[in-house]
Amino acid sequence: MDNTKANNEQRILSLCSGIRGIEKGLDIAGLRHRAIAYVEIEAVACANLVAAMEAGHLASTPIWTNLKTFDGAPFRNKVHGIIGGYPCQPFSYAGTRKGTTDPRHLWPFIREIVRTVKPIWCFFENVPGHLTMGFDSVYKDLRSLGYTVEAGLF
């Protein structure tokens, strides 16, 4: 992928963007990045994204509101990374831990987006309970797509 920006800015696709916490972490880590699209279903989070764009704090960028129907194909070879804080409720010790039977389980859709887009890197976050429920599928899926996987509690 050609990175034409002299400042080495990484183009990212942000899934389950929320309040852009992962982006803020990338800022702290010193990774220059710019989201070229957001996928977020929560109305308040979408409104906050739009307000930040209108105030000039974010570049005007498309926002999709349904991860399950998002088509990653137009983004193939256009992003360096995919980030996301997908819903934790299916795996959280604080909930009923329904795992893959929970309707909020979005990993299969994210896996498909990663498979389609083929970014150079991915960064996802979730709760500690995910390591004991469901993470094995995430790990195996990412490995089968050719990624080296590192995980931990931070």
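Buried residues are those with under 20% relative accessible area. The views below are taken from a predicted model.

View 1. The buried residues of helix 2 are A45, C46, L49, A52 and M53. Viewed down the helix axis, these buried residues fall within an arc of 125 degrees, so they line one face of helix 2. An α-helix has 3.6 residues a turn, so residues three or four places apart point the same way. Exposed residues A43, V44 and E54 are carried on the face of helix 2 turned away from the buried side. Strand 2 (33-39) and strand 3 (63-64) are among the elements that cover the buried residues of helix 2.

**View 2. Span and end of helix 2.** Helix 2 (residues 43-54) comprises 12 residues and reaches 16 Å from its first C-alpha to its last, close to the 16 Å expected at 1.5 Å a residue. Helix 2 is followed by G56, which has a positive phi near 85 degrees.

**View 3. Aromatic pairs of W107.** The count of aromatic pairs, with ring centres within 6.5 Å, comes to 7. The ring centres of Y86 and W107 lie 5.7 Å apart with their planes at 45 degrees, so this pair is tilted. Y86 belongs to the loop between strand 4 (81-84) and helix 3 (107-117), and W107 to helix 3, 21 residues apart. W107 and F124 form an edge-to-face pair, 5.5 Å centre to centre with 85 degrees between the planes. W107 lies in helix 3 and F124 in strand 5 (residues 121-124), so this pair ties together parts 17 residues apart in sequence. W107 is buried at 2% relative accessibility, and F124 is buried at 18%.

**View 4. An aromatic cluster.** W64, F70 and F75 are linked into a cluster by ring pairs.

Terms used:
Residues are numbered from 1 along each chain as its sequence is written. This is a predicted model: local features need pLDDT of at least 70, side-chain atom pairs count only at pLDDT 80 or more; totals for chains, interfaces and linings use all residues. Side-chain values use heavy atoms; hydrogens and water are left out. Rings of Phe, Tyr and Trp (its six-membered ring) pair if their centres lie within 6.5 Å; planes under 30 degrees apart count as stacked, over 60 as edge-to-face and the rest as tilted. Helices (H or I, at least four residues) and strands (E, at least two) are DSSP runs, numbered from the N terminus. Buried means under 20% relative accessible area, exposed over 50%, partly exposed in between (1.4 Å probe, protein chains only). The expected span of a helix is 1.5 Å times one less than its number of residues. The arc is that of the directions from the helix axis to the C-beta atoms. Contact means heavy atoms within 4.5 Å.
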